[in-house]
Amino acid sequence: MSEETQIPSKKVWIIIAAVGMFAFMSTLDSSIVNIALPIMSKQLSIPMNQATWVVSIYLIIISGLLTFFGRLGDQIGKIRVFRFGTYIFTVGSLIAGINLGLWFLLFARTIQAIGAAMTMSNSFGIVTTIAPPSQRARGMALNSSFVSLGTIAGPGLGGIILQHFSWSYIFWINVPVGIIAIIIGRLVFPKSSEIDHDALKFDYVGISTLFLFITTFFLAINIGQEQGFLSSIPVTLTVFALIVFVIFIVHELHAEMPLLDLTIFKSKLFTISLVAAFLVFTSNFFINVISPFYFENLKGINAGTAGLFLMVWPISMLIATPISGYIADYFDQEYITLCGLTILGLSYFGWWIADAQTSSLFIVLLLVCGGVGMAFFQTPNNALIMSNAPVSKLGVAGSLNALARNLGMITGTSLVTTVLYAAMSKKIGHNITSYPSGHGHIFVYGMHVAFSLAIVLVAITWLITIYRVILKIKHNHMATN
């Protein structure tokens, strides 16, 4: 039995849930470590700027490998690559919790990232392959709910864990969940077809240049945050990354078996949906960075209670995602995304006017709106990305979807940090790179400037989604004539 064999409906949902459990863990580990960085910095006896590499190395390695593993999944089977990724990620999580110093932790995070890249790049392709078209949006909704929960729940869940346990449990929590998911996977995943080794072809130049471009570019961003973006090292790395990117594009256009078949971008609906995903995830991480400061520093709430507040967003997503998936299976998905973007924009506008005196009830309502808006955007948008990709390139399409999400995470974190501290520095009259203790109004000013940018990003996404609606109307009109 192959991945493409017709699967009973009940089994489809069990498979999607098993895939979703790893989607949750791999995306959770992109954000959960942030809240533990001060504690890890102290216990590992390292400065804070070195501790941040625990987060950066994970995101950089994943981003660099996503497209390769997506292409590999198209060749040898998406489930086969996904399954090996689950083993690697679980082992990486086990050793990451062993405190043997920073270098060992970075090694463990690299192992985690390799496994996460294997699962992330193929999860959407698996769902698209096994779910019938009439249930595809709901299948995407279930998988997206796990992805979104992992993305948003990090700071909240991390705060609760750290209140009762050491930082090691941030990684060890993945181990029992991973084992359960592996067992379920072995019981329900369809068997992959035999590998035709003669048919395997790898675009080694494409693999190496894309990996080099992504890793170099994000190294430039991370170092730029520490030294300034116009410093010599970030500028040099950025120029080098752009040169490598040009080499990658030129090579892919002429390669016989390219790593990334650029013809996939000929579909305007696919490309627009991918850009929309990137912009929304970029704005999404404004909440991840700012909200812990807002609750713990401005409001003076302890980490555990702040964690409970931060769980409101993912819980709202968990409730709203299956509803949005059901609606998206029966109505035009473009209009559902517009609805989600509108709700998300209203949530950001609320944060734009919030301050230290804003009631907790109002903040909870903003978090609920944000979770609901994200659910009503992401579920149909994921379905649009995968539905507008060629069947033979579902692995690559899924990896590009995951890459857009990861690029959004990294870009959003860098962008909001830069804007927040630049605005606060301008307001206070000197350079600051941490929360301005005793000057809450300075933080509020910086927060408002940052959320102004988040509103602009959502507005741009709203406009290109309108353009996507117009494109679809024209396409349907041409089809009927």
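## Basis of the model

Helices are DSSP runs of H or I with at least four residues, strands are runs of E with at least two, and both are numbered from the N terminus. The structure is a predicted model, in which local features need pLDDT of at least 70 and side-chain atom pairs count only at pLDDT 80 or more, while totals for chains, interfaces and linings use all residues. Residues are numbered from 1 along each chain as its sequence is written, and side-chain values use heavy atoms, with hydrogens and water left out.

## Overall architecture

The chain contains 18 helices and zero strands. Its radius of gyration is 22 Å, close to the 23 Å given by the globule rule for 481 residues, so the chain is as compact as a globular protein of that length. The radius is taken over C-alpha atoms, and the globule rule is 2.2 Å times the number of residues to the power 0.38. Taken along the principal axes, the box filled by the C-alpha atoms is roughly 65 × 55 × 45 Å.

Contact denotes heavy atoms within 4.5 Å. Among the contacts in the chain with a separation of 6 or more, 84% join residues 24 or more positions apart.

Of the 481 residues in the chain, 56% are buried. Burial is judged by relative accessible area: buried is under 20%, exposed is over 50%, and partly exposed lies in between (1.4 Å probe, protein chains only). The chain exposes about 19,600 Å², and carbon and sulfur atoms supply 70% of this area. Accessible areas come from the Shrake-Rupley method with a 1.4 Å probe; for residues, only the protein chains shown count as cover.

## Nonpolar cores

A nonpolar core is a set of buried Ala, Val, Leu, Ile, Met, Phe, Trp, Tyr and Cys residues joined through side-chain atoms within 4.5 Å. The largest has 93 residues, of which V33 and M40 touch the most other members. Beyond residues up to four places away in sequence, M40 touches V33, S45, V54, L105, W167 and F171. A second, separate core has 44 residues, including L279, Y294, F377 and F443.

## Helix α6

Helix α6 spans residues 102-130 and holds R109. R109 is buried, at a relative accessible area of 0%. With neighbours within four places in sequence left aside, R109 is in contact with D29, V33, V54, V55, I57, Y58 and F171.

T119 also belongs to helix α6, and it is buried at a relative accessible area of 2%. The C-alpha atoms of T119 and P190, 71 residues apart along the chain, are separated by 16 Å.

Helix α12 covers residues 268-298 and includes L274, which is buried with a relative accessible area of 10%. Not counting residues up to four places away in sequence, L274 touches F265, I385, L400, N401 and A404. Between L274 and N381, 107 residues apart along the chain, the C-alpha separation is 8.3 Å.

F295 is likewise in helix α12 and counts as buried at 2% relative accessibility. Its contacts, residues up to four places away in sequence not being counted, are G300, I301, A306, F309, L310, I363 and L367. F295 and S145 are 150 residues apart in sequence and 25 Å apart C-alpha to C-alpha.

Helix α14, residues 312-328, contains L318. L318 is partly exposed, with a relative accessible area of 45%. A C-alpha distance of 12 Å separates L318 from G20, 298 residues away along the chain.
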